[in-house]
Amino acid sequence: MSGKEEKFWEKFCESLVRLRNAGEILQQLVHGTVAEQDGQNEIHKLALAERSACPLLYERMYRAFHGQAESETVRLLVEKAESLIAEADEVALLPLLYESSENQRMAMLAELVQHALQELERMAGYSSILEENYMKAEARAQKILNYEIRGTNCYREALRQLMEETRGPASLVWQKEIYERLRHMLVAAADCAVLYREACGISG
């Protein structure tokens with residue numbers, strides 16, 4: 001790995017730390033263990049910090065990767081990671097999120113998101129020493145993909161239950177949106193794991 005590539009992965013890992021932190025706060029919001037306004041503010045600060053860091057991240061990416069296929073894969077990876085923290089920022093603002101501490105499926109989805117983002121950050125941490133940690137990186141990628149599968153199953157069951165037990169149209173609409181956004185975050189995390197494997201030459 002070239003020095004420029006190492007600098008890129010180092011900066012990308014900083015983005016994933018912010019993303020992991022946003023996932024942890026989002027889970028706390030769903031469980032009601034952090035004050036609503038405090039959680040919203042902290043996630044928004046992380047999203048703003050990520051936005052500010054993006055220009056340098058892209059600069060390092062363009063310096064490090066020159067092959068068309070490789071640079072396109074890395075670009076998609078960066079964009080997907082950016083979309084995740086923006087999604088967390090949006091989810092934190094949705095109504096009913098703060099009435100969800102007794103909603104087991106919503107709590108489970110939030111927990112799966114948090115675990116997936118944590119594994120993503122740990123997986124990318126192997127970038128500079130990938131030859132020594134090839135199997136560890138692949139194992140973390142598989143964990144993320146499994147979280148996405150579990151999340152999809154949870155999402156389907158949550159929608160079924162929502163249709164049966166909803167308290168009214170407004171509650172149905174907002175809860176459905178939260179479920180969809182949390183599931184979307186899991187899908188995006190799984191996409192990141194696949195793109196990371198491609199960028200690093202790991203065969204799944």
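Me: How do you know that the span of helix 4 (residues 104-124) agrees with its number of residues?
Reply: The expected span of a helix is 1.5 Å times one less than its number of residues. For the 21 residues of helix 4 that gives 30 Å, and the end C-alpha atoms are 30 Å apart, so the two agree. Helices here are DSSP runs of H or I with at least four residues, numbered from the N terminus. The model is predicted: local features need pLDDT of at least 70 and side-chain atom pairs pLDDT 80 or more, while totals for chains, interfaces and linings use all residues. Residues are numbered from 1 along each chain as its sequence is written, and side-chain values use heavy atoms, with hydrogens and water left out.

Me: Why is the pair of glutamate 50 and arginine 18 called a salt bridge?
Reply: The term requires a side-chain nitrogen of Lys or Arg within 4 Å of a carboxyl oxygen of Asp or Glu. Between glutamate 50 and arginine 18 the N to O distance is 2.9 Å, which meets that cut-off. The two residues are 32 apart, with glutamate 50 in helix 2 (residues 36-64) and arginine 18 in helix 1 (residues 3-31). Glutamate 50, at 5% relative accessible area, is buried, and arginine 18 counts as buried at 14%. The whole structure holds 18 salt bridges.

Me: What makes glutamate 24 partly exposed?
Reply: Its relative accessibility is 26%, which lies between the limits for buried and exposed. Glutamate 24 forms a salt bridge with arginine 20, at 3.8 Å between the closest N and O atoms. The two are 4 residues apart in helix 1, about one helical turn. An α-helix has 3.6 residues a turn, so residues three or four places apart point the same way.

Me: How do you know that glutamate 138 and arginine 197 tie together parts 59 residues apart in sequence?
Reply: Their side chains meet in a salt bridge with an N to O distance of 3.0 Å. Glutamate 138 belongs to helix 5 (residues 134-165) and arginine 197 to helix 6 (residues 169-200), so the link joins parts that are 59 residues apart. Glutamate 138 is buried at 10%, as is arginine 197 at 11%.

Me: Why is helix 1 called roughly antiparallel to helix 4?
Reply: Helix 1 and helix 4 pack at about 165 degrees, with axes 9 Å apart. Angles run from 0 to 180 degrees between N-to-C directions, and axes are lines fitted to C-alpha atoms, for helices over the stretch in contact. Angles over 145 degrees count as roughly antiparallel, under 35 as roughly parallel, 65 to 115 as roughly perpendicular and the rest as oblique. Helix 1 is therefore roughly antiparallel to helix 4. Residues in contact (heavy atoms within 4.5 Å) include Leu16 and Gly23 in helix 1, and Ala110 and Leu117 in helix 4.

Me: What makes helix 1 and helix 3 (residues 68-91) roughly parallel?
Reply: Their packing angle is about 25 degrees, with axes 9 Å apart. That value falls under the limit for the term, so helix 1 and helix 3 are roughly parallel to each other. Their contact includes Phe12 and Leu19 of helix 1 and Leu77 and Ala81 of helix 3.

Key. Buried < 20%, exposed > 50% of the residue type's maximum accessible area, 1.4 Å probe, protein only.
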